[in-house]
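Q: I have a structure open on my screen and would like to learn how to read it. Could you walk me through its features one by one?

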Amino acid sequence: MKTPIFVSFDFDNDRRLKDFIIQQARRPDSPFEVIDHSLKEAAPEMSWEAKAYRAIGRAKVVLVMVGPQTHRAPGVLKEIKMARDQGKKVVQIIGYRDGNYTPVKDAGQLYRWNWENLRKILS
């Protein structure tokens with residue numbers, strides 16, 4: 001049985017990170033499946049928040065994909081709070097190879113993105 005995860009990311013700057021993690025979830029040996037991802041959209045704020053809250057509720061783990069500005073992304077910060085309110089495990093992965101990244105407050109331990117780390121924290 002694969003671990004259901006919700007992927008949180010900086011919608012304005014790092015959408016491709018979501019695509020990369022979805023591709024890795026499709027690997028036959030992947031211990032996780034992406035059940036949903038960050039829901040920022042052109043919708044009323046309350047509607048977005050209710051959808052995100054329900055989606056996070058279906059996940060076992062919230063995976064925060066960290067890019068250069070993720071620690072300031074309002075949607076990510078709200079999703080982390082929702083996850084914490086629901087008692088979900090939250091972890092963060094550095095989304096890019098190069099750079100110096102600021103961990104997102106209250107988003108758990110920050111890991112380098114490699115297959116072994118993904119398998120360890122998402123299984």
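A: Gladly! Keep in mind that this is a predicted model. Let's begin with the inside. In soluble globular proteins, nonpolar side chains tend to be buried together. Here the largest nonpolar core has 37 residues, and those with the most contacts inside it are F32, L63, V64, M65, L118 and L122.

Q: Which helices and strands each supply at least two residues of this core?
A: Strands 1, 3 and 4 do, along with helix 1 (15–25), helix 2 (45–58), helix 3 and helix 4 (115–122). Strand 3 gives the most, with 6 residues.

Q: What are the strand partners of strand 3?
A: Strand 1 (residues 3–9) runs parallel to strand 3 and is joined to it by 5 bridges. Strand 4 (residues 89–94) also pairs with strand 3 in the parallel sense, over 6 bridges. You can follow this through V62: it is the bridge partner of F6, and its own partner in strand 4 is V90.

Q: What unit do strand 3, helix 3 and strand 4 make?
A: With helix 3 covering residues 74–85, the three make a right-handed β-α-β unit.

Q: How do I read a pair of aromatic rings?
A: Such a pair is described by the distance of the centres and the angle of the planes. The whole structure has 4 aromatic pairs. For F32 and W115, the centres are 6.3 Å apart and the planes are at 50 degrees, so this pair is tilted. It links F32 in strand 2 (residues 32–37) with W115 in helix 4, 83 residues apart.

Q: Are F32 and W115 buried or exposed?
A: F32 is buried, with a relative accessible area of 0%. W115 counts as buried too, at 16% relative accessibility. The charged end of R27 sits over the ring of W115, 3.9 Å from its centre.

Q: And N100, buried or exposed?
A: N100 is exposed, with a relative accessible area of 77%. Look for N100 in the loop between strand 4 and strand 5 (110–112).

Note on methods
Residues numbered from 1 in each chain as written. Predicted model: local features only at pLDDT ≥ 70, side-chain atom pairs only at ≥ 80, totals over all residues. Heavy atoms only, no water. Pairing = 2+ DSSP bridges. Helix = DSSP H or I, 4+ residues; strand = E, 2+ residues; numbered from the N terminus. Right-handed = clockwise from strand over helix to strand, strands pointing away. Buried < 20%, exposed > 50% of the residue type's maximum accessible area, 1.4 Å probe, protein only. Core = buried A, V, L, I, M, F, W, Y, C linked by side-chain atoms within 4.5 Å. Phe/Tyr/Trp six-rings, centres within 6.5 Å; stacked < 30°, edge-to-face > 60°. Lys NZ or Arg CZ within 6 Å of the ring centre and 35° of its normal.
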